Amino acid sequence: TLLHKCDISISLPSYDGFATSLLETMAAGTLPVISDIEAYKYDFNEYDWLLVKSQINVDKLFEKINRIIIDVDLLYDKKKSRVEYIKKYYSREEQIKNLENIISFAYEKNKE
């Protein structure tokens, strides 16, 4: 796909839920640059190799992209890690396990 051929993906919405396109981008190994909006506040904060957050501001975006270009290891050496992370934590199988855990927890809480 086109995402596999890209090194960087830029998506700077001013409002969003958790975007499927963000997962697709990381699953392709592409490094996404996303806005630092509330919807993304707690997701992936500890993993700077997984994605880059930027303010919705041209100067700030330029700074982030310039840093990525200088740190080419971030693009290429971590590509496989991004793919593996998304497969491990966001695969269909993993999401089913998460839902089963939530349902089980809720069931046990209601029995009390």
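Among contacts in the protein between residues at least 6 apart in sequence, 46% join residues at least 24 apart, where contact means heavy atoms within 4.5 Å. The model is a predicted one, in which local features need pLDDT of at least 70 and side-chain atom pairs count only at pLDDT 80 or more, while totals for chains, interfaces and linings use all residues. Residues are numbered from 1 along each chain as its sequence is written, and side-chain values use heavy atoms, with hydrogens and water left out.

## Overall layout

The protein has 6 helices and 3 strands, which are DSSP runs numbered from the N terminus (helices are H or I with at least four residues, strands are E with at least two). Read along the sequence, these elements follow the pattern α-β-α-β-β-α-α-α-α, and the C-alpha trace spans about 55 × 25 × 25 Å along its principal axes. Of the 112 residues of the protein, 29% count as buried; here buried means under 20% relative accessible area, exposed means over 50%, and partly exposed lies in between, with a 1.4 Å probe and protein chains only.

A nonpolar core is a set of buried Ala, Val, Leu, Ile, Met, Phe, Trp, Tyr and Cys residues joined through side-chain atoms within 4.5 Å. The largest one has 20 residues, of which Leu 22, Met 26, Leu 31, Tyr 40, Val 52, Ile 68 and Leu 74 touch the most other members. The elements that give two or more residues to this core are helix H2 (20-27), S2, helix H3 (58-70), helix H4 (72-76) and H5.

Ser 9 is found in strand S1 (residues 8-11) and is buried, with a relative accessible area of 19%. Not counting residues up to four places away in sequence, Ser 9 touches Thr 25, Thr 30, Leu 31, Pro 32 and Val 33. Ser 54, which lies in strand S3, also counts as buried, at 1% relative accessibility. With residues up to four places away in sequence again left out, Ser 54 touches Leu 12, Val 33, Ile 34, Ser 35, Asp 36, Lys 60, Leu 61 and Lys 64.

## Aromatic rings

Rings of Phe, Tyr and Trp (its six-membered ring) pair if their centres lie within 6.5 Å, and planes under 30 degrees apart count as stacked, over 60 as edge-to-face and the rest as tilted.

| Ring pair | Distance between centres | Angle between planes | Class |
|---|---|---|---|
| Trp 49 and Tyr 85 | 6.0 Å | 85° | edge-to-face |
| Tyr 85 and Tyr 89 | 4.8 Å | 45° | tilted |

Tyr 85 and Tyr 89 both lie in helix H5, 4 residues apart, about one turn of the helix, but Tyr 89 is partly exposed, with a relative accessible area of 37%. Ring pairs link Trp 49, Tyr 85, Tyr 89 and Tyr 90 into a cluster.

## Helices H5 and H6

The axes of helix H5 (residues 79-90) and helix H6 (residues 92-111) come within 5 Å and cross at roughly 35°; axes are lines fitted to C-alpha atoms, for helices over the stretch in contact, and angles run from 0 to 180 degrees between N-to-C directions. Lys 88, Tyr 89 and Tyr 90 in H5 meet Arg 92, Glu 94 and Gln 95 in H6. By class, this contact of H5 with H6 has 2 nonpolar, 1 polar and 3 charged residues, where Ala, Val, Leu, Ile, Met, Phe, Trp, Tyr, Cys and Pro count as nonpolar, Asp, Glu, Lys and Arg as charged, and the others, Gly among them, as polar.

Gln 95, in helix H6, is partly exposed, with a relative accessible area of 31%. Leaving aside neighbours within four places in sequence, Gln 95 is in contact with Tyr 89 and Tyr 90. Of the 20 residues of H6, the number buried is 0, so H6 lies largely in the open.
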